[in-house]
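Me: Hi! I'd like to go through this structure with you, starting with the surface. Could you set out the terms as we go?

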Amino acid sequence: MSETQMPVFKRMNLAQTNPIAGNKKRTWKSLKQITAYERTLPWKETDVTYSSINAPPSFVPAKKYSDISGLIAPYTDPQTKLHYHNAEEFQTVRSLPMDLTAGYLALRGASSIV
């Protein structure tokens, strides 16, 4: 291509060729600003808005955290169903009485041991 006929995306003085844009800089809006503006507009119930879109469930399994230390827990005790991080925590989990085990499961939201 010759220098006189440059592609549109290469023009340095694009503001001169686009009178609508002028010399204004583009202002970016945050998600909070967009959703607040959406709520002020008159929408029908069937209209799709930014806040009405639901994300599909994730295919990635949820991370498990240790009930004792809060670290990532790759292991679960089959007897008490508590998650633990390493061998030291496993000994602690096995030495806990059943009422504390049930309390840890209740804090996590898991069903209690039957």
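Reply: Happy to. Patches are made of residues with over 30% relative accessible area and no salt bridge, joining like charges within 9 Å and nonpolar side chains (Val, Leu, Ile, Met, Phe, Trp, Tyr) within 5 Å. Accessible areas come from the Shrake-Rupley method with a 1.4 Å probe, and for residues only the protein chains shown count as cover. A salt bridge is a side-chain nitrogen of Lys or Arg within 4 Å of a carboxyl oxygen of Asp or Glu.

Me: Before the details, what kind of model is this?

Reply: It is a predicted model, where local features need pLDDT of at least 70, side-chain atom pairs count only at pLDDT 80 or more, and totals for chains, interfaces and linings use all residues. Residues are numbered from 1 along each chain as its sequence is written, and side-chain values use heavy atoms, with hydrogens and water left out.

Me: Thanks! Which residues form a nonpolar patch on the surface?

Reply: Y37, L41 and W43 do, and together they have about 310 Å² of accessible area. W43 sits in the loop between α2 (31–40) and β1 (75–76). Helices (H or I, at least four residues) and strands (E, at least two) are DSSP runs, numbered from the N terminus.

Me: Is W43 buried, partly exposed or exposed?

Reply: W43 is partly exposed, because its relative accessible area is 41%. Buried means under 20%, exposed means over 50%, and partly exposed is in between (1.4 Å probe, protein chains only).

Me: Zooming out, how many helices and strands are there?

Reply: The protein has four helices and two strands. From the N terminus on, the order is α-α-β-β-α-α.

Me: And what share of the residues is buried?

Reply: Of the 114 residues, 14% are buried. The accessible surface comes to about 10,300 Å², with 59% of it belonging to carbon and sulfur atoms.

Me: What about contacts between residues 24 or more positions apart?

Reply: Those make up 15% of the contacts with a separation of 6 or more. Contact here means heavy atoms within 4.5 Å.

Me: On to charges. How many salt bridges turn up in the whole structure?

Reply: The search finds two. In one of them, the side chains of D67 and R108 meet at 3.4 Å, N to O. That pair links distant parts of the chain, with D67 in the loop between α2 and β1 and R108 in helix α4 (residues 98–108), 41 residues apart.

Me: How accessible are D67 and R108?

Reply: D67 counts as buried because its relative accessible area is 15%. R108 is partly exposed, at 31%.

Me: And what is the distance, N to O, between D77 and R94?

Reply: Their side chains meet in a salt bridge at 2.8 Å. This pair also links distant parts of the chain: D77 is in the loop between β1 and β2 (83–84), and R94 is in helix α3 (residues 87–95), 17 residues apart. D77 is buried, since its relative accessibility is 0%, whereas R94 is partly exposed at 40%.

Me: Back to D67: what else does its side chain reach?

Reply: The D67 side chain reaches the backbone nitrogen of H83 at 2.9 Å. Leaving aside neighbours within four places in sequence, D67 is in contact with L82, H83, Y104 and R108.

Me: Let's look at H83, then. Where does H83 lie?

Reply: H83 is in strand β2 and is buried, with a relative accessible area of 9%. Its side chain makes polar contacts with the side chains of T76 at 2.9 Å and R108 at 2.4 Å. A polar contact is a pair of N or O atoms within 3.5 Å; within protein, one must be able to donate a hydrogen and the other to accept it, and residues adjacent in sequence count only if both atoms are side-chain atoms.

Me: Last topic: which residues make up the largest nonpolar core?

Reply: Five residues do: L82, Y84, V93, L96 and L105. A nonpolar core is a set of buried Ala, Val, Leu, Ile, Met, Phe, Trp, Tyr and Cys residues joined through side-chain atoms within 4.5 Å.

Me: What does V93 contact, leaving aside its neighbours within four places in sequence?

Reply: V93 is in contact with I68, D77, T80, L82 and Y84.
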